[in-house]
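This briefing is for a reader meeting the structure for the first time. Please look through the sequence and the model below before reading the notes that follow.

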Amino acid sequence: MEQNGVHASVIGLNTAMAPLGILVAGPFLPRLIRKLGTRPVVYGAVAFDILALLMFKLFPSLYVWFPLRFMFGIASGALFTVSEAWILSFAGEGSRGRVLILDGTADAALHRHARVAALDHRRLLPRHQHRAPVIREGG
């Protein structure tokens with residue numbers, strides 16, 4: 001985005017939309033899960049996250065990305081919350097700490113692997129595909 005003339009503060013605000021979505025939706029999530037059930041919330045969150053990822057690619061507009069990142073944060077936060085509760089519900093009293101540590105370690109390892117793969121993409125893609133996607137402010 002910076003290469004396309006978007007100011008760093010606007011990039012920062014855009015990046016903050018996902019965590020803001022998590023914070024805003026967090027207090028309402030338990031009620032939503034009680035009302036709809038765990039499975040529909042998970043399926044809906046996964047479906048929206050997939051749709052959002054496609055929309056990021058289809059609509060490279062900063063104005064679209066602000067609400068999209070906010071909603072992506074809500075859906076991703078819902079998935080995280082439900083998965084953590086689900087993992088804890090299966091862990092016994094004596095193993096809950098170990099289960100959480102293993103889950104956190106696996107989560108961190110997967111995120112690190114994804115970041116390394118993203119940074120190392122230049123070795124994986126043909127030379128002409130190294131360019132960043134074009135993002136234009138204003139649509």
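Trp65 counts as buried, at 10% relative accessibility, where buried means under 20% relative accessible area, exposed over 50% and partly exposed in between, with a 1.4 Å probe and protein chains only. The model is predicted, so local features need pLDDT of at least 70 and side-chain atom pairs count only at pLDDT 80 or more, while totals for chains, interfaces and linings use all residues. Residues are numbered from 1 along each chain as its sequence is written, and side-chain values use heavy atoms, with hydrogens and water left out.

**Aromatic rings**

- Two aromatic pairs are found in a search of the whole structure; rings of Phe, Tyr and Trp (its six-membered ring) pair if their centres lie within 6.5 Å, and planes under 30 degrees apart count as stacked, over 60 as edge-to-face and the rest as tilted.
- Phe56 and Trp65 make an edge-to-face pair, with 5.2 Å centre to centre and 80 degrees between the planes.
- Phe56 and Phe72 are also edge-to-face, because their ring centres are 6.1 Å apart and their planes stand at 70 degrees.
- This second pair links distant parts of the chain, since Phe56 lies in helix 3 and Phe72 in helix 4 (residues 62–90), 16 residues apart; helices are DSSP runs (H or I, at least four residues), numbered from the N terminus.
- Phe56 is buried, with a relative accessible area of 14%, whereas Phe72 is partly exposed at 22%.
- Through these ring pairs, Phe56, Trp65 and Phe72 are linked into a cluster.

**Nonpolar core**

- The largest nonpolar core has seven residues, namely Leu29, Ile33, Val41, Ala45, Ala75, Ala78 and Val82; such a core is a set of buried Ala, Val, Leu, Ile, Met, Phe, Trp, Tyr and Cys residues joined through side-chain atoms within 4.5 Å.
- Helix 2 (29–36), helix 3 and helix 4 are the elements that give two or more residues to this core, and helix 4 gives the most, with three residues.
- Ile33, leaving aside its neighbours within four places in sequence, is in contact with Thr38, Val41 and Val82, contact meaning heavy atoms within 4.5 Å.

**An exposed side chain**

- Leu58 lies in helix 3 (residues 38–58), and Leu58 is exposed, with a relative accessible area of 63%.
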